[in-house]
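Have the sequence and the model open as you read.

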Amino acid sequence: MHLPRHTVTITVVLAIHLLAAAFLLAGHAAGAVPPALAGFAYTRGLLHALDADHLCMIDGSTRKLLGERRNPNGVGLAFSLGHSTVVLAAGAAVVLGASWVNTVLDTRSDEARVLGLVGAGVSALYLLAVAAANVPNLTHHHDHRQPTGPWARLLTGPLGHVRHAGHIYLFGILFGLGFDTASTISLLMVTALATLSGSSPVVLMALPLCFTAAMTLGDSVNANLMLHVYSHAAASTRARFNTVVTAVSIGCALLVATATSLDIAAAVTGRPTPALDTAPVGWTLLAVAVVGSAAIVLLRQGRVRHHAV
C-alpha cells in the first residue's frame, strides 16, 4: 500500500516546537522561564506520550482505519492536538489566575471527580470498541467483515463515524478531561509556581507549549511506527505476522480498558478494586512498533541485496 508523505504532521509538529521556542526565549529574557523548567515541561510531555492509554488509543485507531482501507496518517497528531487543547486551556487559565482551575485540580472537588470519570469512561469505552472493531483484522483477508454479535455491534456502532484521523481530535479532548494525569498536573503546578514571580502571563505559556510540543512529537512518532508495522502486516503474504501484531493490539487495548474500568468502579463505589499496572502494556506496544519497524527495514534491505546479486 502506498502511503502519502507525512508532510502535514511534520509541519505542524515543527511549528509547535518553533512557537514553544519563541515563547521560551521571550520568557527567559524576561527572567520568568528558566530553561530547567522548560526542560522539565518538555520531558513531562514525552513521558505522557508513552502512557499506555495514549499508545493503545493510537495503536488501535491506526489498525482500525487501515483495516477499513482508510487513511490513518495523522492519527497520533490529531489525538495529541486534542489532548493538548485541554492542557493549553488549563495552562492559560492558571497563568491568568482563573479560579476554576484550582477547583478541577483539587481531587476532592465534585468537578474534578466528574471530569475524571468522564475522561476515564470515554477512554475505557473507546478502547473496548476499537478492540472489538479490530477482531476481523486478525485474518489476512477479512474482506471488510463487521464484528458479529449484539455486544460487538453495540461497541463498534459509534466507531462507524470515525472515518479519518481528524475525528480522533475529539477523543483527544475527551481523554484529557481528567486532570488526574500526573504529568499534566506536574506541568500545571510548575506553571502556577512560575506565575508567582509576577512575570507576564503571556511568556509563561512557554511551559504548556513545551509540554505540547513534546507530546505531539512523541504521539506522532508512535503513530508512524505503528502505521509502518500494520501497513506491512496488511500487505504481507504471511498471515501469521498480521495475526500476531493485531492480537497484541487487541489484547493491550482490553487490558488498559479493564484497568481503567476498575479505577472507575473504585471511584464510584468507594471500595478498593484490584490495581493493574498498565506500564508494561504501553512498553509492549512500543516494543512491537520499534522492533517490528526495524525488522521490516532489515528484511527489505536483505531483499534488495538478494536481487542485486
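Leu46 is found in helix α2, where helices are DSSP runs of H or I with at least four residues, numbered from the N terminus. With a relative accessible area of 32%, Leu46 is partly exposed; the class lies between buried (under 20%) and exposed (over 50%), judged with a 1.4 Å probe and protein chains only. Before going further, please note that this is a predicted model, in which local features need pLDDT of at least 70 and side-chain atom pairs count only at pLDDT 80 or more, while totals for chains, interfaces and linings use all residues. Residues are numbered from 1 along each chain as its sequence is written, and side-chain values use heavy atoms, leaving out hydrogens and water.

Together with Leu217 and Val221, Leu46 forms a nonpolar patch on the surface, with about 200 Å² of accessible area in total. Patch members have over 30% relative accessible area and no salt bridge, and nonpolar side chains (Val, Leu, Ile, Met, Phe, Trp, Tyr) are joined within 5 Å. A salt bridge puts a side-chain nitrogen of Lys or Arg within 4 Å of a carboxyl oxygen of Asp or Glu, and the areas come from the Shrake-Rupley method with a 1.4 Å probe.

Helix α2 (residues 35-49) also holds His48, which counts as buried at 1% relative accessibility.

Here are two side-chain polar contacts to look up (N or O atoms within 3.5 Å, one able to donate a hydrogen and the other to accept it; residues adjacent in sequence count only if both atoms are side-chain atoms).

| Residue | Partner | Distance |
|---|---|---|
| His48 | His83 | 2.8 Å |
| Lys64 | Glu68 | 2.9 Å |

Lys64 sits in helix α3 and is buried, at 4% relative accessible area.

How many residues of α3 are buried? The count is 15 of 16. Arg69, with a positive phi near 60°, follows α3.

Helix α4 (residues 75-95) reaches 30 Å, and 16 of its 21 residues are buried.

The largest nonpolar core has 34 residues, and Cys56, Met57 and Tyr126 are among those with the most contacts inside it. Such a core joins buried Ala, Val, Leu, Ile, Met, Phe, Trp, Tyr and Cys residues through side-chain atoms within 4.5 Å. Its largest share, seven residues, comes from α3.

Definitions and conventions:
Helices (H or I, at least four residues) and strands (E, at least two) are DSSP runs, numbered from the N terminus. The expected span of a helix is 1.5 Å times one less than its number of residues. Patches are made of residues with over 30% relative accessible area and no salt bridge: like charges are joined within 9 Å, nonpolar side chains (Val, Leu, Ile, Met, Phe, Trp, Tyr) within 5 Å.
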